[in-house]
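Keep the sequence at hand as you read.

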Amino acid sequence: MKSQPLAAVDTWLPVMEAAGYRCQCAGECGNAHAKTDGRCPREHDGYTSKHGHRVRLMAAPADPSTPPTRAVTLPASGLRAWCPECYTTAGRRARAQAAPPADDAPALFDL
């Protein structure tokens with residue numbers, strides 16, 4: 001039996017079952033996952049390596065740039081199974097791409 005979170009199991013469980021208890025990152029984190037046909041190999045309750053930690057997948061928005069206040073309102077169909085590493089990195093990449101370009105105007109104290 002796979003471990004389950006303490007809360008929101010009714011949302012988490014359908015997402016994990018649809019994903020086959022495997023991270024659904026398809027390269028959004030910047031890693032091509034070339035050895036596993038383009039999908040992250042991490043599985044829920046699996047280990048990252050011989051001396052690694054246990055993987056705990058989470059049900060998070062399919063779009064990692066979704067703000068947390070909107071993410072909590074999403075139904076299970078709007079969520080994907082993510083390992084923490086892929087979700088964090090994909091979120092950083094999405095925010096960096098959405099950031100406005102730097103303004104070339106001089107700042108207040110620039111001489």
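Helices and strands here are DSSP runs, with helices (H or I) of at least four residues and strands (E) of at least two, numbered from the N terminus. The model is predicted.

Start in the loop between α1 and β1, where H33 is found. Is H33 buried or exposed? Its relative accessibility is 7%, so H33 counts as buried. Buried means under 20%. The contacts of H33, leaving out residues up to four places away in sequence, are C25, G27, G38, R39, C40, P41 and C86.

D37 has its place in the loop between α1 and β1 too. D37 is exposed, because its relative accessible area is 78% and the cut-off for exposed is over 50%. The backbone of D37 is worth a look as well: its phi is near 55°, a positive value in a residue other than glycine.

Y21 also lies in the loop between α1 and β1. Phi of Y21 is near 55°, again positive in a residue that is not glycine.

Now turn to the aromatic rings. How many aromatic pairs does the rule give? The count comes to 2. W12 and Y21 form an aromatic pair, with 6.2 Å from centre to centre and 70° between the planes. That pair is edge-to-face. W12 is buried, at a relative accessible area of 6%. W82 and Y87 also pair: their ring centres are 5.5 Å apart and their planes stand at 65°. Why is this pair edge-to-face? Planes over 60 degrees apart count as edge-to-face, so the 65° between W82 and Y87 qualifies. Both W82 and Y87 are buried.

W82 leads on to the core. In soluble globular proteins, nonpolar side chains tend to be buried together. Here the largest nonpolar core has 19 residues. Which members touch the most others? They are M16, C23, C25, L57, W82, C83 and C86. Three elements, α1, β2 (79-82) and α3 (84-98), each supply at least two residues of this core. The largest share, 4 residues, comes from α1.

The largest pocket has a volume of about 360 Å³. It is lined by 19 residues, and the closest to its centre are A8, M58, A59, A60 and L79. The elements that give two or more residues to this lining are α1 (9-19), β1 (58-61) and α2 (68-71). Which element gives the most? That is β1, with 4 residues. By class, the lining has 17 nonpolar and 2 polar residues, and no charged ones.

Note on methods:
Residues are numbered from 1 along each chain as its sequence is written. This is a predicted model: local features need pLDDT of at least 70, side-chain atom pairs count only at pLDDT 80 or more; totals for chains, interfaces and linings use all residues. Side-chain values use heavy atoms; hydrogens and water are left out. On a 1 Å grid over the protein atoms alone, a cavity is a set of points where a 1.4 Å probe fits but cannot get out, and a pocket is an open set with protein on both sides within 12 Å along at least five of seven lines; lining residues have an atom within 4 Å of a point. Grid points are joined across faces, edges and corners, and a volume is the space filled by probe spheres set on the points. Ala, Val, Leu, Ile, Met, Phe, Trp, Tyr, Cys and Pro count as nonpolar, Asp, Glu, Lys and Arg as charged, and the others, Gly among them, as polar. Buried means under 20% relative accessible area, exposed over 50%, partly exposed in between (1.4 Å probe, protein chains only). Contact means heavy atoms within 4.5 Å. Rings of Phe, Tyr and Trp (its six-membered ring) pair if their centres lie within 6.5 Å; planes under 30 degrees apart count as stacked, over 60 as edge-to-face and the rest as tilted. A nonpolar core is a set of buried Ala, Val, Leu, Ile, Met, Phe, Trp, Tyr and Cys residues joined through side-chain atoms within 4.5 Å.
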